[in-house]
Amino acid sequence: MPNPYSSTGSAATLTAAVSGNAVLNGSKGPGGGQRNAGDPERRGHAAPMKASEVLRRLFCYVRPYRWLLIGSFVSSAASIALQLSVPVLIGRAIDLIIAKGRVDFDGLAPLLICLAAVVVAAAALQWVQGACMSALSYRTVRDLRVAANDKLTRVPLAFVDRHAHGDLMSRVVNDVDAVGDGLLQGFTQLFGGVVTLAATIAFMLSASVPMALVVIAVTPLSALAAGAIARFSSRSFTRQMAIQGELSAYVEEYVGAQRLVSAFAFGDQAREGFGRINRELYVAGERAQFLSSLANPGTRFVNNVIYAVVAVAGFVGVVTGFPAALTVGEVQMFLSYATQYTKPFNEISGVVTQIQGAFASARRVLALLDVEEEADTAAEGGEPTAGVPAFTEPAAEASASMVPAASAVDMAASSSATASTSGDVEFDHVSFSYMPERPLLQDICLHARPGMRMALVGPTGCGKTTLINLMLRFYSVCEGQIRIDGRPIEDLSRADLRRKFGMVLQDSWLFEGTVRENIAYGRPCATREQVEQAARRAHADAFIRTLPQGYDTVLPEGGGTLSQGQRQLLCIARVMLTDPEILLLDEATSSIDTRTELQVQAAFDELMQGRTSFVVAHRLSTIREADCILVMRDGRICERGTHDELLAQGGFYAELYASQFAPTE
């Protein structure tokens, strides 16, 4: 989902996000996370991580369910042991069938009964092993997906701004599924294969050392063939998963902006871009599948050679006694063991495609989990500046000459401040930049006392919304300090800090749910009466009752057929319900018609009583009654005062006001 709080045109360049992308994509430079349509080879891949490290870290998620793992291993070992005893019983049974009319039925009957019992017990144990491994796999995948999703709620907002949202979703959904289907299920193949190999060797050595050595001597050919092919296919699967993440990001972008795509007749270009990435995915996937598919026929060929060698050596032994004197039943037993012995190589090579894809997906998920989180409070080690180096103000005197004394703000605030002591906001020489070489906010000083209404005006890109982002600790200041009620915001947890604020944005956000659930998003425990009261104060009750089920009407994501103004009214009702200490209104009435704006403005006036309010507005008619208007230009506060005072000064604010209300000829 696009971030509704990002500053226009600047968040995408945050250095912290560059470093976060470098972690995700394994890049060495700051440009590693950027998509480059013209150069597919520069597209980000998962951070390099050894297979042993991947398994070690995945085992941390398996550890809570180790009893299921142990149960799976024990039942698997017991099942394999029983299966390996079958050739012994069959061999003995064959030796009791000497010739026509010369069958030892007295000895054969117990063997057949025992054989049936062994087969049934082995099948039951194999079912237990599968049930344990399935439960382990699903629970581990659940925990891994929860960890990945939780990680996205703790990473710096700049990281989410910078990285393609579709790729992040692909990691949490598709890649985690691939891990469960591949690596975790591969535990069964790996453990079962090791036990099968060890037990088969033990059985063969106990029966005939020379014949066992014949089988063991030819075995490395199978392992070498599978290993060589696996190494070549690993890089192809890594590239395939990276392109799959990019394709998800591309689709997510264009599905979310389908109206714009249609409005600008951009469908052909969008399909062309999708086709280009899809073709690259096809080529990468075809290469990966082809290379991995060589493993199974290669190992099967080697295994057939082993089987033929054992058969020839065994029957030579029956006739000549070299390399070992064997009976026909023992030859059959060794042929069965030769098949059992090579079976693990066949099984592993048969799922090598799935395993290689799972390793690539696991690296992408673990890379996401490795992204540095933002510290919550100063007590936890201080708030990192989201990877942004501190910006040094060249000269405080230069900025001071452009900004009127802060005492003027205090005087303006004193007339409207209430007896409340909460909602005091102070910016103390705050500077901030998204990139060190491009300063944005410079030496910002302001003091909003409780109950004060402060407006922020200025041209697009001057830093108005960035001030709000800094107050909410979406980003951290490079210099200076922000204090709420006299306390630095770094001393407050993000949850405690943000509970003090209520925000209404220019872009409304509604999720799939009922109207009541959308209004109560910031206060889920609110009663229906409280929700309806908030809707009435926001002048949304009238149109809500015209909906098919009123407050119980289910809205699709984004609001569906509701007008932009209606969506905005629901968002305003949402913040009214939370009853915050400080209001942040970022073009909150920009999508509402003039008549409704007057009604909503009256509701805002009521809500603002006794509360500190920051209003970002381009339409200057909405801020005439503000206690103080801060005029921003090029990241600085160039003017401050009331509406009448600023008009009297005849400065930049007066120019902005005249440009909006100058009479037309």
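## Aromatic pairs and an open sheet

Tyr-434 counts as buried because its relative accessibility is 3% (buried means under 20% relative accessible area, exposed over 50%, partly exposed in between, with a 1.4 Å probe and protein chains only). A quick note on where this comes from: the model is predicted, local features need pLDDT of at least 70, side-chain atom pairs count only at pLDDT 80 or more, and totals for chains, interfaces and linings use all residues. Residues are numbered from 1 along each chain as its sequence is written, and side-chain values use heavy atoms, leaving out hydrogens and water.

Now for the rings. Rings of Phe, Tyr and Trp (its six-membered ring) pair if their centres lie within 6.5 Å; planes under 30 degrees apart are stacked, over 60 edge-to-face, and the rest tilted. By that rule there are four aromatic pairs. Two of them look like this:

| Pair | Centre distance | Plane angle | Type |
|---|---|---|---|
| Tyr-434 and Tyr-475 | 5.4 Å | 90 degrees | edge-to-face |
| Phe-511 and Tyr-521 | 5.4 Å | 50 degrees | tilted |

Tyr-434 sits in the loop between strand 3 (425-432) and strand 4 (441-448), and Tyr-475 in the loop between helix 16 and strand 6 (479-484), so their pair ties together parts 41 residues apart in sequence. (Helices, H or I of at least four residues, and strands, E of at least two, are DSSP runs numbered from the N terminus.) Tyr-475 is buried too, at 2% relative accessible area.

Six strands form an open sheet in the order 8-11-12-5-13-14, with mixed pairing; two strands pair if DSSP finds at least two bridges between them. Strand 8 (501-504) and strand 14 (636-641) are the edges, each pairing on one side only. Strand 8 runs parallel to strand 11 (residues 582-586), and four bridges join them. Here Gly-502 stands opposite Leu-583.

Helix 21 (residues 564-578) lies across strand 8 and strand 11, at about 175 degrees to strand 8. Helix 16 (residues 464-471) lies across strands including strand 5 (453-457) and strand 12 (612-616), at about 150 degrees to strand 11. Axes are lines fitted to C-alpha atoms, for helices over the stretch in contact, and angles run from 0 to 180 degrees between N-to-C directions.

Notes. Contact = heavy atoms within 4.5 Å.
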